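I opened the model today and kept notes on what I looked up. The entries follow in the order in which I made them.

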Amino acid sequence: MTQLILFFGLLLLIIGVAFYTQWYQKQKREQIRNHPFPYEWRSIIESNFPLYLQLPAPLRDRMEEWVQLFLHDKSFEGCGGLVITDEIRVTIAAQACLLVLNNHQKLYPKLHTILVYPSTYKTNHRDSLFHFMEEDAEARLGESWSTGSVVLAWDSVLLGGIRGKDGHNVTLHEFAHQLDQLDGNADGAPRLRDRSHYASWARVLSREYEELVNQSERGKKSFFNQYGATEPAEFFAVVTETFFERPRKMRSKHPELYEELKTFYHLDPAEWKKA
């Protein structure tokens, strides 16, 4: 009987702690939401991510709210000697939050840390448990890990955000991978809002992916970055970049694909005002 009482007492304590933690986090988030968005942060976004200026006013307000929550919830670590500044944190957060402005997904619930290098960095391939192959080190602009981290090269982040119209943005690319990985698989089939959406998603994206693969194999010029022909996960990340940065041309050239992404992101960037 004593053991049973202790068991239920411990269970009630665990439940109580869980409820208190949830309540505390909710209260903290409300405080953050109600806190005025710093003017300095807004200036950073306007300078480094001018796509923000194209957003309708309600979406700009939501982005600022999301950025505050993102910066509260996620940690940043400088690599290769880089010192993390507000400019780095806010610029990355704004681009990452664009993808979830109107989405049903939470604010990247599996993501904990953003690792930032000053420039292109190299990763070493492991050929055994203890040996890394330095000669095969591969230069990278970014990575997304299902273990809760995103890695980015700061100069590429900055350039991608400022240009904003060429369909190349490493931050959007890697955070699209994060959305894809929410269901545990990086396969180009992220968790969708409605079960009925999976059939059209598979049909349209499979067809478009195969078309890009064929164009790449034949050496033909394509609308999308041919890196998207590597695998379906990369295709989803590449078309996400294009969806936000070249929406009108994408809607004209690939209308069904545009509609699939419009439904997934619950956003219609082709209708946003031109900068």
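Is Thr-91 buried or exposed? I found a relative accessibility of 1%, so Thr-91 counts as buried (buried is under 20% relative accessible area, exposed over 50%, partly exposed in between, with a 1.4 Å probe and protein chains only). Thr-91 sits in helix α4, residues 86-98 (helices are DSSP runs of H or I of at least four residues, strands are runs of E of at least two, and both are numbered from the N terminus). I set aside the neighbours within four places in sequence and listed what Thr-91 touches: Ile-44, Asn-48, Asp-86, Trp-154 and Val-157 (contact means heavy atoms within 4.5 Å).

Ground rules, for the record. The model is predicted, so local features need pLDDT of at least 70 and side-chain atom pairs count only at pLDDT 80 or more, while totals for chains, interfaces and linings use all residues. Residues are numbered from 1 along each chain as its sequence is written, and side-chain values use heavy atoms, with hydrogens and water left out.

Whole chain. I noted 10 helices and six strands. Of the 275 residues in the chain, 45% are buried. Among contacts with a separation of 6 or more, 65% are between residues 24 or more positions apart. The accessible surface comes to about 14,800 Å², and carbon and sulfur atoms hold 55% of that (areas are from the Shrake-Rupley method with a 1.4 Å probe, and for residues only the protein chains shown count as cover).

Strands. I then looked at β2, residues 113-117. Four of its five residues are buried, so β2 is largely enclosed by the rest of the structure. Strand β1, residues 75-78, runs parallel to β2 and is joined to it by four bridges (two strands pair if DSSP finds at least two bridges between them). In that pairing, Phe-76 stands opposite Ile-114. Strand β6, residues 149-153, also pairs with β2 in the parallel sense, over five bridges. There I found Tyr-117 opposite Ala-153.

Backbone angles. Which value does phi of Tyr-108 take? I read a phi near 50°, which is positive in a residue other than glycine. Tyr-108 is in the loop between α4 and β2, and its relative accessibility of 1% makes it buried. His-266 also has a positive phi, near 55°. His-266 is in the segment after α10 (255-265) and is partly exposed, at 46%.

Beyond four places in sequence, the contacts of Leu-267 include Leu-59, Leu-98, Phe-243 and Trp-272.

Largest pocket. I noted a volume of about 600 Å³ (the space filled by probe spheres set on grid points, which are joined across faces, edges and corners). A pocket here is an open set of points on a 1 Å grid over the protein atoms alone where a 1.4 Å probe fits, with protein on both sides within 12 Å along at least five of seven lines; lining residues have an atom within 4 Å of a point. The lining has 29 residues, and Leu-141, Val-170, His-173, Glu-174 and Tyr-227 lie nearest the centre. Elements giving two or more residues to this lining are β4 (132-140), β5 (142-145), α5 (154-163), α6 (170-180) and α8 (232-245).
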